[in-house]
Amino acid sequence: VISPNGRYVAFRSERASVERNKYDTMWYVQALDGKFPPLRVANGGAPLRQYNTGLVLPSPAVWSPDGKWIYYRARLDGRVSVWRAAADGSGSCAVTSDPADVRDFTLSGDGRTLKYSVGATREEVSNAELSEYDRGIRIDDTVNIAAGLFRSSKVDGQPTTQRFVGPWFSAGPLLAEVTDRWKAVDLVTMTPRDLPASELPAQPLTPADLSPDLPAAPVKKMWDGDSRLPQRYQITQNSGDGRIAVLLPGHKEKGLAESRYVELAMLPDRHASRPILCAAELCRHRDITDIRWRPGSDEIVFTVTNYDRTQSVYGWNVVTGTVRPIVLSNGLVSGSQRYWDIPCALSSDTLACVAAEAAHPPRLEAIDVKSGHRRILFAPNKGLGADIAATVPAKLIRWKDAQGREFTGQFFEARGASAGHPPPLFVNFYNCYGFLRGGLGDEWPLATLAEDGISALCINAIPEYRLDTAARYDQGRAAVESVVKLLSAEGRIDRTHVGMGGLSYGSEVTLWTLTHSDVVTAASVSGVSVTPALYLLNSLRDAFRSTFRELWQLGAPNETPKRWREI
């Protein structure tokens, strides 16, 4: 997050401790000119995590208007509070002390008041869990009967009872349905108070706030928890004059769950019914994953995630209609090492981005918005990157299957392979974003496999979601068969020793490939697949059954037995 004066960036790092079996986070502040190393200003505590996946939650900081403080959520001493740290490194302290964990917060324009929301208190949640343990648990569509019923999951290091709280597999703690209660803290006197409805923070614009006459309302259609269907439809308002940038659904091809591309558009105000579309070639038929107004300008800065999972950033001048490239990348340029759809920090003249490529670990860069010049600010894994580059550098490869469909992947070629004895190959299938510690889920150490004599390939799935499950899975089989044929013909692998693995959709495609091809001789999967047991354990839930029928064309096993045999 860039400071109000545009001179500094605040960022958080995550670091694993093998000895203590935990992750630590730290907050830093650094000048964007890169003349000095970053200053560590605060302990960020153990990272907050998603309930359903365990992934680290993005938790951005907020700068005070005078640039003296950063505010952030952190779990320390067993509670999630809002903390503030002095930007000069002189100290940090909690500014909330609530019996409930803080869910969200905002800072007033003058920096004197912090508003924050909470749900049920920690004691109320604990008592509810113990009450269920004593009195029994009513099994309904919120209960995950595939897991233990009492404190079966660890969240932020604490044994926790979970419930389904939304579509698909979206999960949360017991009492998550308790409505937000907003409070405020006077940052001068540090006195808290309950917040009346008239003082609640303004909410961001939603599709319902725009004209109902828009030709294509930006209604989000996705199944929460499934990364195959990205949340791409966005609305962002220019704080200076009220103009609105939107991503509208593009044309949806027959057989797809949603449109592959979005339309970038501008609305003069929230009541406008005729959007001004970006007609330039650089923003047409692109997978645009975020949009923001560049402060003090007529330019919308947007990120395109390409077919090969690399990213580029462009600027669209809504007055002249011109689009210009700001940064073209061979990897990710985003606001996170984990989340490719979180944008870089942006000021009027600088982007602050986490950059990473398949064999180059994440680093913080400052990018000049006008010239595109890139400057590395912080590279904590520089030694690791040099080691990989010297031993098993990754290479982006492209190939086509028998139907002419193009695939891409990151190839780590085995070190020390001889011409007469080509090495085995391990294939990981799904998505290959940024630094590849091991494909989606970090399950397989690709570079280490290559260093030990096994070539490794991370294959990108075609970025579309076909409703026909068999066709969806078979694209993966075709990708693996065709690349094995290609690399074998070049003498680069031993086609009789091919392993394959994947997580989630990658698990399903691995099992499908084993069933429908003899190309794979060993497999490893690390996620549930589509089985009658999966259906049974979720059959109480309407949200699951309807999504399952739409995306897999499956009802109960005795209802659609032919389809079950196929899938």
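Biologist: Is Arg309 buried or exposed, and at what relative accessible area?
Modeller: Quick caveat: this is a predicted model, where local features need pLDDT of at least 70, side-chain atom pairs count only at pLDDT 80 or more, and totals for chains, interfaces and linings use all residues. Residues are numbered from 1 along each chain as its sequence is written, and side-chain values use heavy atoms, with hydrogens and water left out. Buried means under 20% relative accessible area, exposed over 50% and partly exposed in between, with a 1.4 Å probe and protein chains only. Arg309 is buried, at a relative accessible area of 6%.

Biologist: What phi does Arg309 take?
Modeller: Arg309 sits in the loop between strand E21 (299-305) and strand E22 (311-317); helices (H or I, at least four residues) and strands (E, at least two) are DSSP runs, numbered from the N terminus. Although Arg309 is not a glycine, its phi is positive, at about 70 degrees.

Biologist: And Asn21, is that one buried or exposed?
Modeller: Asn21 is another non-glycine with a positive phi, about 55 degrees. You'll find Asn21 in the loop between strand E1 (8-17) and strand E2 (22-31). With 72% relative accessibility, Asn21 counts as exposed.

Biologist: What is the radius of gyration of the chain?
Modeller: The chain has 8 helices and 34 strands. The globule rule, 2.2 Å times the number of residues to the power 0.38, gets compared with a radius taken over C-alpha atoms. For 567 residues the rule gives 24 Å, and the chain comes out close to that, so it is as compact as a globular protein of that length, with a radius of gyration of 25 Å.

Biologist: How much of the chain counts as buried?
Modeller: For scale, the C-alpha atoms fill a box of roughly 75 × 65 × 60 Å along the principal axes. Taking the 567 residues together, the buried part is 48%.

Biologist: What percentage of the contacts with a separation of 6 or more is between residues 24 or more positions apart?
Modeller: Contact means heavy atoms within 4.5 Å. Among contacts in the chain at a separation of 6 or more, residues 24 or more positions apart account for 52%.

Biologist: Which residues of helix H7 are buried?
Modeller: Helix H7 covers residues 542-552. Its buried residues are Phe544, Thr547, Phe548, Leu551 and Trp552.

Biologist: Which helices are included in what covers the buried residues of H7?
Modeller: Just after H7, Gln553 takes a positive phi of about 60 degrees. As for the cover over the buried residues of H7, it includes helix H4 (469-489), helix H5 (505-516), helix H6 (532-538) and helix H8 (561-566).

Biologist: What is the relative accessible area of Tyr72?
Modeller: Tyr72 belongs to strand E5 (residues 69-76). Beyond its neighbours within four places in sequence, Tyr72 has contacts including Trp27, Trp83, Arg84 and Phe105. Tyr72 is buried, and its relative accessible area is 0%.

Biologist: How far apart are the C-alpha atoms of Phe169 and Asn52?
Modeller: Phe169 is in the loop between strand E12 (162-164) and strand E13 (171-173), and is partly exposed at 27% relative accessibility. Phe169 and Asn52 are 117 residues apart along the chain, with their C-alpha atoms separated by 6.7 Å.
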